Amino acid sequence: MDALAGLLDGPRARGAFLLRVVLDPPWSMRIEDRAPLAVASIVRGVCWVMRDGAEPIPLGPGDVLIARGPDPYVVADDPATPPQVIIHPDERCTTLYGEDLSIAMDRGVRTWGNTDAGESVMLVGAYQGAGEITDSLLRALPPLLVLRAHEWDSPLIPLLAAEITKDDQGQSAVLDRLLDLLLIAALRAWFDRSETAPGWFRAQADPVVGRALRMLHNHPAHPWTVAALAGRIGVSRAALARRFTELVGEPPMSYLTNWRLALAADLLREPDATIAAVARQVGYSSGFALSAAFKRVRGVSPRAARAVASASASPG
């Protein structure tokens with residue numbers, strides 16, 4: 001498993017919020033849902049996305065927006081249009097004065113807006129939660145990421161548009177998987193083109209460091225040392241350590257520790273997982289050893305991290 005594949009084990013949609021949004025101008029929405037990750041694709045029309053302190057970004061047909069939460073942002077037909085609607089957590093939408101709009105804006109199966117056939121049509125998907133693996137990967141992303149239609153060629157947007165308003169059996173599972181595919185395809189295309197792609201992504205193309213990363217990702221519980229890793233690849237310990245640090249931005253064993261702890265944090269979200277069992281899965285000899293590493297690197301114990309994650313995942 002590579003680091004980008006790890007993303008699939010993080011924000012894997014489970015009953016994700018998905019909506020077809022149909023609007024006639026003037027319109028403006030302030031997004032305050034605190035979703036850790038949201039994806040929007042423009043089907044028709046032009047809109048603008050704005051975040052406090054940043055320049056407005058125009059979006060057109062075929063463009064994809066990935067918004068990294070939880071900070072609010074505004075999507076509007078024009079930068080000068082003031083917000084009229086606020087999108088809150090738990091899929092709740094109101095006017096600026098708190099009046100509920102759920103019925104007034106309902107346009108049918110997974111369709112929402114101020115008209116039945118608007119100038120602007122968007123497909124919106126929001127992940128309700130994300131694991132620690134996801135967090136470690138998404139730290140490399142800007143708050144608002146835009147992939148232009150001419151920068152990639154994918155059938156996923158038309159497919160999602162065709163499926164989003166269906167009400168068939170098992171449709172939520174179909175839409176969850178389509179959202180996952182759209183996210184991963186967009187991120188991969190963006191990483192391939194971006195000069196600011198994270199070191200771990202660029203390093204995977206390196207014949208030496210790429211092999212080392214794949215070994216660490218695929219076998220995190222193995223008792224790796226720099227010497228053992230270098231021996232498996234066929235280079236000197238010094239050469240591997242130097243090249244790994246240069247391309248990835250941190251030494252191999254530091255990267256491995258962070259990867260193991262990210263995996264552990266994600267595994268500990270499962271209600272039946274014990275610290276001792278998780279420790280064995282990620283390469284620590286005991287629950288005590290994992291707890292010590294967790295506290296040293298992250299500043300909190302695994303139990304405390306689990307309690308915070310559980311509280312943030314609870315409704316309300």
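This is a predicted model: local features need pLDDT of at least 70, side-chain atom pairs count only at pLDDT 80 or more; totals for chains, interfaces and linings use all residues.
Started with Thr-81, which is buried, at a relative accessible area of 13%. I count that as buried because the cut-off is under 20%.

**Thr-81 and its surroundings**

I looked up where Thr-81 sits: the loop between strand 7 and strand 8 (85-88). Its side chain makes a polar contact of 2.9 Å with the side chain of Asp-77. Which residues does Thr-81 touch, once I skip those up to four places away in sequence? I find Pro-26, Trp-27, Ser-28 and Ala-76.

**Cis peptide bonds**

The bond from Pro-25 to Pro-26 is cis, with omega near 0°. Pro-26 belongs to the loop between strand 1 and strand 2, and Thr-81 touches this proline. I also noted a cis bond from Gly-69 to Pro-70, where omega is near 5°. Pro-70 is in the loop between strand 6 and strand 7.

**Positive phi**

Next I checked backbone angles. Arg-34 is not a glycine, yet has a positive phi of about 60°. I place Arg-34 in the loop between strand 2 and strand 3. Is Arg-34 buried or exposed? Exposed: its relative accessible area is 55%, and the cut-off for that label is over 50%.

Asp-90 is another non-glycine with a positive phi, about 65° here. Asp-90 lies in the loop between strand 8 and strand 9. Asp-90 is exposed as well, with a relative accessible area of 60%.

**The whole chain**

Stepped back for the overall count. I get 12 helices and 12 strands. The chain has 316 residues, and 46% of them count as buried. I then took the contacts between residues at least 6 apart in sequence: 71% of these join residues at least 24 apart.

**Cores**

The largest nonpolar core has 62 residues. Which residues have the most contacts inside it? They are Ile-66, Trp-152 and Leu-290. Helix 4 (residues 171-193) gives the most to this core, with 11 residues.

I followed up on Trp-152, leaving aside neighbours within four places in sequence. Its contacts include Leu-182, Ala-185, Ala-186, Ala-189 and Arg-193, and I place those five in helix 4 from its range, 171-193. Trp-152 is also in contact with Gly-62, Val-64, Leu-147 and Ile-157.

There is a second, separate core of 28 residues. I noted Ala-40, Ile-42, Cys-47 and Leu-65 among its members.

**Second largest pocket**

Last stop: the second largest pocket, with about 530 Å³ of space. It is lined by 30 residues, and those closest to its centre are Phe-17, Leu-19, Val-21, Ile-87 and Val-124. Which elements give two or more residues to the lining? I listed strand 1 (17-23), strand 2 (28-31), strand 3 (37-44), strand 6 (64-68), strand 7 (73-76), strand 9 (92-95), strand 10 (111-113) and strand 11 (120-127). By class, I have the lining down as 22 nonpolar, 3 polar and 5 charged residues.

How values were computed
Residues are numbered from 1 along each chain as its sequence is written. Side-chain values use heavy atoms; hydrogens and water are left out. On a 1 Å grid over the protein atoms alone, a cavity is a set of points where a 1.4 Å probe fits but cannot get out, and a pocket is an open set with protein on both sides within 12 Å along at least five of seven lines; lining residues have an atom within 4 Å of a point. Grid points are joined across faces, edges and corners, and a volume is the space filled by probe spheres set on the points. Helices (H or I, at least four residues) and strands (E, at least two) are DSSP runs, numbered from the N terminus. Ala, Val, Leu, Ile, Met, Phe, Trp, Tyr, Cys and Pro count as nonpolar, Asp, Glu, Lys and Arg as charged, and the others, Gly among them, as polar. A nonpolar core is a set of buried Ala, Val, Leu, Ile, Met, Phe, Trp, Tyr and Cys residues joined through side-chain atoms within 4.5 Å. Buried means under 20% relative accessible area, exposed over 50%, partly exposed in between (1.4 Å probe, protein chains only). Contact means heavy atoms within 4.5 Å. A polar contact is a pair of N or O atoms within 3.5 Å; within protein, one must be able to donate a hydrogen and the other to accept it, and residues adjacent in sequence count only if both atoms are side-chain atoms.
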